[in-house]
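Please look through the predicted model below before reading on.

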Amino acid sequence: MSKKTSTSTPVLLNRRQALALGLGGVGTLLLSACGGGGSTGTDGAPADEGSGTTGYRVAMIMSGTITDGGWDQGHYESLQRALAAHPSWELLEPKENTADADAAIAAQSYVDQDVDLIIGNGNQFASDWAEVVAEAAATHPGVHFLITNTDPASEMSDYETLDNVETVLPDFKQTGSLAGVVAGLMTKTGSIGFIGGMRLPSTLTKYASYLAAAQKVNPDVQGQYNFEAGFTDASLGTKLTEQWIASNNVDVMWGDASAVDNGARQALESAGADDHFAIAQPIDIMGDDQPTVITSTVTDWMIGQAMDEIEAGSFGGGKAITGNMSNGGVSLGAFSDKIPADIQSQIEEYASQIEADAFLTDDEVAAIQATL
Amino acid sequence: MDFLTVLPTILKAMAMGAVPILLASLGELFSERAGLVNIGLEGLMAIGAFVGFAVAKMSGNLWLGLAAAMAAGVIVNMLYAFCTVTLCSDQVVTGMAINILAPAVALFGYNLFVGSDPANATGAQMPSIAIPGLSELPFVGGALFNQTLLAYLAFLLVPLVSYFFRHFRAGLSFRSVGENPHAAETLGIDVVRMKYVACVICGALAAAGGAFLTLCYTPIYIDGIVMGRGFIALATLIFGRWSAVGVLGASLLFGFFDGLNVALQAQFQAAPVMFFKMIPYLFTIVALVFFGSRRAGPRASGQPYFREQR
């Protein structure tokens, strides 16, 4: 049968043509969006052309967001404090939600802009940045890298050079001890809980110190823990905490698992915010919108010290900056009214001992860590 | 582990865990009954979770948040509908595109919404309502009969959906469209319109399932909050043999094993956690292998409908 086409028939697209047109339109939009830069793009607007004659530039790369209520927010707030104390430094827009596969590319984009300090929030960047660091040392000697929560000896042994890299390691024993002292004094049931996102050495040290400190002030304290809750499933935090409350009478929780800690706090609130408490970490979130939080263990990531060293020309060599109570790297946040005044005084007394390393011995922590 | 002590908490986790999967699965039931296999549930739930969270936070009204989430789910699923119904593109591929696009859009929207103010990152939570009398039953009362209103509505949907497909002409039309769309067309049923209606319902219910996570479970949105529940909803539909009651049973079973996994993690802390985490997914695989059968589903499901084809 021959096809007849009427000259007055309107031109209609067939399915393939419509699909091609649609895909072409979407592709054009994507290209124009990429060319213009994203919402949290890699291109910041430099204050000067190249690394400033009088100003410095800093960039931060993270796997989460600056408002995650935990890890990356803590880093961002540390950076803001450092910037407040270093007015010659300018912050480029932080690179949020960076997947591991994109970490090297993100860092390289800042290297190409001769950013003075590139901060990676967490030890996952240590394995991702080895090549970027090596190449930057040769081609962009003015670029420095700061990777937090990283032990250079064990996690950067394959780096070609550490001349332009430093890391930050908080004193986890002090962090855990502070939380443990609060938990030991505030628990009425003698049962405390801990949720960690990953089974890292830092997580184990925190929990061991937490339990050891709690048992130091209250020998009857028992601990419940989970080290592999991840960092995103808040409902898991809720369910775990509900289980511990129901079967183990847990009434104080401390966490190291970002959004999962949020879920744990929901469970504590449902059980009764007047007698179920949370110790937040690593930022101070005590407030009316967090009825179960009685205090927080706060970590400062010593970015200010890194900036000082860059300005002085002494940055690098794979040095690990230790954050502790003496230099402000570790501290306790504000106390809730739910902590009685006499207990607050006791906590402050114990905190002094912890700062002087006179509260817990390494053997006491190791004894618990060996059982985990 | 004292099982009787942990049972109420497991049952509560079962009920809470089942609701988002149930809602998404009921939406998929409408979609597959009309012959459309929509594997984009994960993306629809993500967009529902974000929009529900954001609108509820902005307006202070959780139900407005839910309504906005359902509307957003419908809008996103119209993309799927246009591609698969009008353009007759591959349904699986289009669904996967939704799974990539929607969560990315949700994350982008979330970053814009929260900005640099952490106060925007926490929303409000729907309160639980205890049913007098029933909530005082031993072991099961507090766990099953102290839920949010959205959860009760989700469970109420099951008999309504079941009744709809069995006793309403429109329900029969849906089923005939999914079994033999050409025969349905000859009987005067507008097959294309039915498929679009199915996509509207699927988008709305799947997004409601996502909104449950941010309005009832925990009042935060985070990238990846859906945690694979959209794919589990697909499995529960197959395991439930494309019936609303079957879907309810499958959702509750998955929720039970998920609650059991957490109970075991909580009690046996020295044991490798990953073994317990596998339990709900192993159950899903076993259920699909032994009880799942594509032959039980609509015969024309997954096939593009060409009106002019004879």
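Chain A holds an open sheet of six strands with mixed pairing, in the order β7-β6-β8-β9-β10-β12. Helices (H or I, at least four residues) and strands (E, at least two) are DSSP runs, numbered from the N terminus, and two strands pair if DSSP finds at least two bridges between them. In general, strands of a sheet pair through backbone hydrogen bonds, either parallel or antiparallel. β7 and β12 (330-332) of chain A each have a single partner strand and stand at the edges, so one side of each is left without a neighbour in the sheet. On average, neighbouring strands of this sheet are turned by 20 degrees against each other, direction ignored.

This is a predicted model: local features need pLDDT of at least 70, side-chain atom pairs count only at pLDDT 80 or more, and totals for chains, interfaces and linings use all residues. Residues are numbered from 1 along each chain as its sequence is written, while chains are lettered from A and ligands numbered from 1 in the order in which they are written.

β6(A) is mostly covered, with six of its six residues buried; a residue is buried if 20 or more other C-beta atoms, placed from the backbone, lie within 10 Å of its own, exposed if 12 or fewer, and partly exposed in between. A:Ser191, A:Gly193 and A:Ile195 point one way from the strand, A:Ile192, A:Phe194 and A:Gly196 the other way, and all are buried.

What does helix α7 of chain A pair up with in packing? α7 (residues 172-186) packs with helix α12 (residues 341-355) of chain A at an angle of about 155 degrees, with their axes 10 Å apart. Axes are lines fitted to C-alpha atoms, for helices over the stretch in contact, and angles run from 0 to 180 degrees between N-to-C directions. α7(A) and α12(A) are therefore roughly antiparallel to each other, a term for angles over 145 degrees. Among the residues that meet are A:Leu178, A:Val181 and A:Leu185 in α7(A) and A:Ile347, A:Tyr350 and A:Ile354 in α12(A); two residues are in contact if their C-beta atoms, placed from the backbone, lie within 7 Å. The residues of this contact divide into ten nonpolar, three polar and no charged. Here Ala, Val, Leu, Ile, Met, Phe, Trp, Tyr, Cys and Pro count as nonpolar, Asp, Glu, Lys and Arg as charged, and the others, Gly among them, as polar.

Another strand, β1 (residues 56-61) of chain A, contains A:Val58. A:Val58 is buried, with 26 other C-beta atoms within 10 Å. Leaving aside residues up to four places away in sequence, A:Val58 touches A:Trp89, A:Leu91, A:Val115, A:Asp116, A:Leu117 and A:Ile119.

Finally, the chain contact: 34 residues of chain A are in contact with 35 residues of chain B. α1 (15-36), β7 (222-226), α9 (234-248) and α10 (259-272) of chain A each supply at least two residues of the chain A side. The largest share, eleven residues, comes from α9(A). By class, this side has ten nonpolar, 17 polar and seven charged residues.

Definitions and conventions: Angles under 35 degrees count as roughly parallel, over 145 as roughly antiparallel, 65 to 115 as roughly perpendicular and the rest as oblique.
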